[in-house]
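Hello,

Here is the structure I promised to pass on to you. Have a look at it first, and then read on for what turned up in it.

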Amino acid sequence: MKAAQQLMKVFVTRRLPPEGQKLLSQAENYTVQQWDSDDPVPRAELLKGVAGAHGLLCLLSEKIDQEVLDTAGPNLKVISTLSVGFDHLTINEIKKRGIRVGYTPDVLTEATAELSVALLLATCRRLPEAIQEVKSGGWKSWSPTWMCGYGLSNSTVGIIGLGRIVSCEKLTVDSDFVIVSCSLTPETEGLCNKDFFQRMKKSSVFINISRGSAVNQEDLYQALVSGQIAAAGLDVTTPEPLPTTHPLLSLKNCVILPHIGSATYSTRNTMSVLAVNNLLRGLAGQEMPSELQI
Ligand code: DGY
C-alpha cells in the first residue's frame, strides 16, 4: 500500500449500480471520492470533487467542459463516462490535454433496441392514452374506431443510424415509421426539422432514441399539431428533464419517456463495470476495454 499522499485521486459523480460500485470499492491504490447519491452532483460539488483528480467517472448528465478540465488541472489522465454517448464531453479540449476517454458502447445495444420497439408500439398503438382512458372513466364501451392506431404489419421502418448515418433520403423519411438512433454530431444536430417532417407521410410515426438535439422540438410540435405526421415517441429530449409545462407534453400524440433506453438492471450493472474498468485500466496506463478514439 502506498502512502496516502501518493495515491491517485478519482472522482465519481454518482452512486453506481451495485456491480460497478462493488468493483470500485475493491480498487486499491486510489483515493476515491464519490457523490454518493442517486441525484445529480451539483456543479459546485463537481468542481470541488474533480480538483486535482487523476481520474473522473461521470455520467451523461454532467457537462465536462473547459471549466471542469481547468479545475481538474494537469493531473487528469482519464475520463470514463457511464454512457455510449459522449456529447457531454468537450472532446477538443480533452484531446488537447491528452486525456484518455472510456465509454460504454455495445453493452446497451439490446436494451436500447428493446426500448425502441416498446416506444414504437406504445406510440403507434396509443398505449399511454388508452391507459389514461381506463383510469379516467373514458372507456364507455368497445367501439369500432375508438383508440385505433397504426399497426406494424406490412409497414416500412426507416432507421437513421445503426452505427452509421444513413442520409435523410426519401426512402428513409417516407417510411411508415421513422426511428432516429444516430449519434449526435454537427451533421445530426437538428437533423429532424421542418423540412424533414414535411417529407414524412401524414400517417407516419416518428421515434427518437438518440439525443434530444437531433430534433428541432418546435418543428416537431408543429408537425404533430398540424397533422403533418401522425405521432411521435421520444426517449430523449432537450433539455432533460423536459419541463412539465413543455408544449410537447400537452399532446396526446406524443409519448415521452425519461431517457430509459438502457435502463435494465443487468445492462446498467454491465455498463457500470465497464466504466469502472475503463477508469482503472486507463489510470494504470493499460489498454481500456472500451476506449474512445479521439
Ligand atoms: C448512453 O449511454 O449514451 C445512453 O443514451 C444512455 O444509456
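Predicted model: local features only at pLDDT ≥ 70, side-chain atom pairs only at ≥ 80, totals over all residues.

**The overall picture**

The protein has 294 residues, and 45% of them are buried. Its secondary structure consists of 10 helices and 10 strands. Along the principal axes, the C-alpha atoms fill a box of roughly 75 × 40 × 35 Å. If you take the contacts with a separation of 6 or more, 58% of them are between residues 24 or more positions apart.

On the helix 1 side, the contact is made by Pro 18, Glu 19, Gly 20, Leu 23 and Leu 24. Helix 10 contributes Asn 269, Ser 272, Val 273, Val 276 and Asn 277.

**Salt bridges**

The count of salt bridges comes to 14.

- Arg 43 and Asp 65 meet through their side chains at 2.8 Å, N to O. This pair links distant parts of the chain, 22 residues apart: Arg 43 is in helix 2 (residues 43–50), while Asp 65 is in the loop between strand 3 (55–58) and helix 3 (66–72). Arg 43 counts as partly exposed, at 30% relative accessibility.
- Glu 93 and Lys 96 also form a salt bridge, at 2.8 Å, N to O. Both belong to helix 4 (residues 91–96) and are 3 residues apart, about one turn of the helix. Glu 93 counts as buried at 12% relative accessibility, whereas Lys 96 is exposed at 65%. The two are also part of a network of salt bridges that links Asp 70, Glu 93, Lys 96 and Arg 97.
- Lys 201 pairs with Asp 176, with their closest N and O atoms 2.7 Å apart. Lys 201 lies in the loop between helix 8 and strand 8 and Asp 176 in the loop between helix 7 (170–173) and strand 7 (177–180), so the pair ties together parts that are 25 residues apart in sequence. Lys 201 is partly exposed at 30% relative accessibility, and Asp 176 is buried at 18%.

Ser 204 is buried, with a relative accessible area of 0%. Beyond residues up to four places away in sequence, Ser 204 touches Ser 175, Asp 176, Ile 229, Ala 230 and Ala 231.

What kind of peptide bond joins Thr 238 and Pro 239? The bond is cis, with omega about -5°. Another cis bond, also with omega about -5°, joins Glu 240 and Pro 241. Pro 239 is in the loop between strand 9 and strand 10, and Pro 241 is found in that loop too.

Leu 242 has its place in the loop between strand 9 (231–234) and strand 10 (254–256) as well. Leu 242 is buried, with a relative accessible area of 12%. Leaving aside neighbours within four places in sequence, its contacts are Gln 217, Thr 237, Leu 249 and Ile 256. Leu 242 and Ile 256 are 14 residues apart in sequence, and their C-alpha atoms are 9.2 Å apart.

**Positive phi angles and a surface patch**

Most residues other than glycine have a negative phi. Asn 29 is not a glycine, yet its phi is positive, about 70°. Asn 29 is partly exposed, with a relative accessible area of 32%. Asp 106 likewise has a positive phi, near 70°. Asp 106 lies in the loop between strand 5 (100–102) and helix 5 (109–124) and counts as exposed at 63% relative accessibility.

Finally, Val 117, Leu 121 and Leu 152 make a nonpolar surface patch of about 220 Å². Leu 152 is in the loop between helix 6 (127–136) and strand 6 (157–160) and counts as partly exposed, at 36% relative accessibility.

Enjoy looking around,
Your colleague

Notes:
Residues numbered from 1 in each chain as written. Heavy atoms only, no water. Patch = residues over 30% accessible without salt bridge, like charges linked within 9 Å, V, L, I, M, F, W, Y side chains within 5 Å. Areas by Shrake-Rupley, 256 points an atom, 1.4 Å probe, with all protein chains shown as cover. Salt bridge = Lys/Arg side-chain N within 4 Å of Asp/Glu carboxyl O. Helix = DSSP H or I, 4+ residues; strand = E, 2+ residues; numbered from the N terminus. Buried < 20%, exposed > 50% of the residue type's maximum accessible area, 1.4 Å probe, protein only. Contact = heavy atoms within 4.5 Å.
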